[in-house]
Amino acid sequence: NKSLPTDGFPKISVGPASGMATARKELSVIVPTYNEYENIRELCTRLFKATKEAGLTTELLVVDDESKGTIATNAIVEELQKSYPIRIYIRSKAEGRGLSSAVLLGFSKAKYETLLCMDADLQHEPESVPSVAKPVLTGEAEFSVGSRNVPGGGVAAWALHRKIISAGATALAYPLSGSTDPMSGFFCTTKTVLKRGEGRINPIGFKIGLELMVRCECKSVADVPITFQDRVAGESKLSTKQNVLYLMQLAGLYLDRHPLGSALLLALVALLCILILRLLFF
């Protein structure tokens, strides 16, 4: 179903992948990593099994920020290359750091027009990749999001306080994107859409999907139900610094989207941010 909600963003809710006969069939999957070598083998095998069953020609590009796990990550990728179309780009500390810039770097090096980003910690199930990619591959939407907040989606086992924090942060960003899960790191778009944001994308923090939806002026966003799993291995990248960067990112995006009413909007954002920070730290 496709509808125009009251916020003015065309939004599509879709189910599992099906009917992809007339869709594009090529997909580049970008996975930013930082000391997450324990997950690479399982992610790779599950991903290519799922995309093969969906009839997709897929490449997997790992963008690894240099860490103590880099040697192991590289060795595993080299072994997997014997059986799968997987590549790795190791980014030195001198080249830059951070998840958002790693994702953009991966997009720039991708082989195919359609681009999908997902985490390496297996909280994003590889089996969901065809479903998340489908709206973009079929041309139904310019941007698709793996959402926890639509019928059929959810989280595996979150504590109540984490759900409250997530709901508050989502509410802050909803007016910008029209997505029910605008902070999701599981998303798909195209190189053509990305070109609209050239020179405007600010890769700070971790919410690169939200940044792209706004800066690239996506005309339609599809929410695809996913189940957000518990982390299999690796550590959470979320920190106090990242929370602050998220608030800074929101302020910049509101100014970009609503320049005339920015003062009022920023005042509202600041008030809601204070409430969220109290939940986070007090």
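Val103 lies in helix H3 (residues 99-109); helices here are DSSP runs of H or I with at least four residues, strands are E runs of at least two, and both are numbered from the N terminus. The model is a predicted one, so local features need pLDDT of at least 70 and side-chain atom pairs count only at pLDDT 80 or more, while totals for chains, interfaces and linings use all residues. Residues are numbered from 1 along each chain as its sequence is written, and side-chain values use heavy atoms, with hydrogens and water left out.

Back to Val103, which is buried because its relative accessible area is 0%. Buried means under 20% relative accessible area, exposed means over 50%, and partly exposed falls in between (1.4 Å probe, protein chains only). Leaving aside neighbours within four places in sequence, Val103 is in contact with Ile30, Pro32, Cys117, Phe187 and Ile208, where contact means heavy atoms within 4.5 Å. Ile30 sits 73 residues away from Val103 along the chain, yet their C-alpha atoms are separated by 6.8 Å.

The chain has 9 helices and 11 strands, and buried residues make up 50% of its 282 residues. Of the contacts between residues at least 6 apart in sequence, 79% join residues at least 24 apart.

Next come the strands. Strand E4 is mostly covered, with 8 of its 9 residues buried. On one side of the pairing story, strand E3 (residues 26-33) and E4 pair in the parallel sense over 8 bridges; two strands pair if DSSP finds at least two bridges between them. Leu27 stands opposite Thr58 in E4. To get from E3 to E4, the chain goes through helix H1 (residues 37-53), and this β-α-β crossover is right-handed. That label applies if, with the strands pointing away from the viewer, the path from the first strand over the helix to the second runs clockwise.

E4 also pairs with strand E5 (residues 86-91): 6 bridges join them, and the two run parallel. Here Leu60 has Ile86 of E5 as its bridge partner. The chain crosses from E4 to E5 through helix H2 (residues 70-80), and this β-α-β crossover is right-handed too.

Asp65 is found in E4, which covers residues 57-65. With a relative accessible area of 7%, Asp65 counts as buried. Not counting residues up to four places away in sequence, Asp65 touches Thr33, Tyr34, Thr70, Arg91, Gly96, Arg97, Gly98 and Ala102.

H1 and H2 pack at an angle of about 20°, with their axes 8 Å apart. The axes are lines fitted to C-alpha atoms, for helices over the stretch in contact, and angles run from 0 to 180 degrees between N-to-C directions. H1 and H2 are therefore roughly parallel to each other, since angles under 35 degrees count as roughly parallel, over 145 as roughly antiparallel, 65 to 115 as roughly perpendicular and the rest as oblique. Their crossing is right-handed, a label used if the near helix is turned clockwise from the far one by less than a right angle, with anticlockwise giving left-handed. On the H1 side the contact is made by Tyr37, Ile40, Arg41 and Cys44, and on the H2 side by Ala72, Thr73, Ile76, Val77, Glu79 and Leu80.

Helix H7 (residues 208-215) is largely enclosed by the rest of the structure, because 8 of its 8 residues are buried. Among them are Ile208, Leu210, Met213 and Arg215. Ile208 turns up again as one of the contacts of Val103.

Just after H7 comes Glu217, with a positive phi of about 50°. Most residues other than glycine have a negative phi. Glu217 is placed in the loop between H7 and strand E10 (221-225), and is partly exposed because its relative accessibility is 44%. Leu122 is another non-glycine residue with a positive phi, near 70°. Leu122 is in the loop between E6 and H4 and is buried, with a relative accessible area of 3%.

Ser128 has its place in that loop, between strand E6 (114-117) and helix H4 (129-137). Ser128 is buried as well, at a relative accessible area of 14%. Setting aside neighbours within four places in sequence, Ser128 is in contact with Phe186 and Ile226.
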